[in-house]
Amino acid sequence: MIFGKKIKELREEHGLLQRHLCAALEIDTPMYSKIERGERKAKRSQIPIMAKLFEVDEKKLLTIWLADKVLDTVADEDEVMGDAILYAQTVINSHK
């Protein structure tokens, strides 16, 4: 849901209509609307297009997109969510 909220915020800041994004992403308005509402996930291949339209760093937008996927994965694991994220962070840090 954080990704959808962020792209809606960016779209509104730039005065873009949903239909402008739909045309650039080659999707229909209902599908784009679902992405903004967090009911559907954007494709990885759509991130560079959005970053260019919103004039933001692609890596930053990709980070938010990926964080949203991680949070969605652990959403129903209240008891171990934090531990799982910390463990993943430890593994990531060990590969640097």
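Visitor: Which residue forms a salt bridge with K41?
Guide: In this predicted model, the closest N and O atoms of the pair are 3.4 Å apart. One partner lies in helix α5 (residues 58-74) and K41 in the loop between α3 and α4 (47-54), so the pair ties together parts that are 27 residues apart in sequence. The partner of K41 is D68.

Visitor: Is D68 buried or exposed?
Guide: Buried means under 20% relative accessible area. D68 has a relative accessibility of 7%, whereas K41, at 33%, is partly exposed. At its value, D68 counts as buried.

Visitor: How many salt bridges are there by this rule?
Guide: The bridge between D68 and K41 is one of them. Another joins E39 and R37, with the closest N and O atoms 2.9 Å apart. R11 and E36 also meet through their side chains in a salt bridge. The count comes to four.

Visitor: What is the N to O distance in the salt bridge of R11 and E36?
Guide: R11 sits in helix α1 (residues 2-13) and E36 in helix α3 (residues 29-37), 25 residues apart, so the pair links distant parts of the chain. R11 is buried at 10% relative accessibility, and E36 is buried at 6%. Between their side chains the N to O distance is 2.6 Å.

Visitor: Leaving aside neighbours within four places in sequence, which residues is Y32 in contact with?
Guide: R11, which forms a salt bridge with E36, is one of the contacts of Y32. With those neighbours left aside, the contacts are I7, R11, Q18, L21, C22, L25, I27 and F54.

Visitor: Which helix gives the most to the nonpolar patch?
Guide: The surface patch of about 380 Å² is made by I2, L66, V70, L71 and I85. V70, partly exposed at 38% relative accessible area, lies in helix α5. With three residues, the helix that gives the most is α5.

Notes:
Residues are numbered from 1 along each chain as its sequence is written. This is a predicted model: local features need pLDDT of at least 70, side-chain atom pairs count only at pLDDT 80 or more; totals for chains, interfaces and linings use all residues. Side-chain values use heavy atoms; hydrogens and water are left out. Helices (H or I, at least four residues) and strands (E, at least two) are DSSP runs, numbered from the N terminus. Buried means under 20% relative accessible area, exposed over 50%, partly exposed in between (1.4 Å probe, protein chains only). Contact means heavy atoms within 4.5 Å. Patches are made of residues with over 30% relative accessible area and no salt bridge: like charges are joined within 9 Å, nonpolar side chains (Val, Leu, Ile, Met, Phe, Trp, Tyr) within 5 Å. Accessible areas come from the Shrake-Rupley method with a 1.4 Å probe; for residues, only the protein chains shown count as cover.
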